[in-house]
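I opened the model to look up a few helix and strand details. My notes are below the view.

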Amino acid sequence: METGGSGVIDKRSAIRVECHRKVFARHPGITVVASPIDGDNIATAEQMATATMRRHPRLKGWVVSDAGGGIGIGRAIQALGKTGEVRVVGLDDLPELVQLIRSGVVDSTAATKPRSQGYWSVLSLWQQGLGAPPIQRIDTGIAVQGSATNHP
């Protein structure tokens, strides 16, 4: 499991990591062997993933908690010749991550919709400027790409 943050896990990544740990705890066949912190930095993620996979050659998969982690891990998998052996669930839809999915290195990703988030933020602030009450909850949804789209 890869964790984000800048040397320390940022709050969003910490929440994701805690959720991952809770889900994994319910599945006795899953063992978390490492949780490197990459600072949402692709090069750092690649270095840490390479070191982790060398220390744990039987590692079967990664779950990522930041945007850069999936790309760095994907690059490490390619460099170590482990495409198809080690599975990766990424986060967000950066172009290189989407390409890694298309080429079969990364399995899937879930991405928030930042354009929708920006649109609704501006619209809500504009409406409040006109005297309307703030919108209490806006769900912009999640986009899933890759093999996860084949599962219910």
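This is a predicted model: local features need pLDDT of at least 70, side-chain atom pairs count only at pLDDT 80 or more; totals for chains, interfaces and linings use all residues.

Residues are numbered from 1 along each chain as its sequence is written, and side-chain values use heavy atoms, with hydrogens and water left out.

**Helix H2.** I looked up H2, residues 42–55; helices are DSSP runs of H or I with at least four residues, and strands are runs of E with at least two, numbered from the N terminus. Its 14 residues should span 20 Å at 1.5 Å a residue, and the end C-alpha atoms are 20 Å apart, so the two agree. The expected span is 1.5 Å times one less than the number of residues. At the N-terminal end, Asn41 is the cap, with a side-chain oxygen 3.0 Å from the backbone nitrogen of Ala43. I found Ala45, Ala49, Thr50, Thr52 and Met53 buried (under 20% relative accessible area, with exposed over 50% and partly exposed in between, for a 1.4 Å probe and protein chains only). The buried residues of H2 pack against strand E1 (61–63) and helix H3 (67–79).

**H3 and H4.** I then checked H3 against H4, residues 95–102. Gly70, Ile71, Gly74, Arg75 and Gln78 of H3 meet Glu96, Leu97 and Leu100 of H4 (contact means heavy atoms within 4.5 Å).

**Val144.** Val144 sits in strand E4, residues 142–146. I logged Val144 as partly exposed because its relative accessibility is 40%. Its C-alpha atom is 9.0 Å from that of Thr112, 32 residues away along the chain.

How values were computed
A polar contact is a pair of N or O atoms within 3.5 Å; within protein, one must be able to donate a hydrogen and the other to accept it, and residues adjacent in sequence count only if both atoms are side-chain atoms. Axes are lines fitted to C-alpha atoms, for helices over the stretch in contact, and angles run from 0 to 180 degrees between N-to-C directions.
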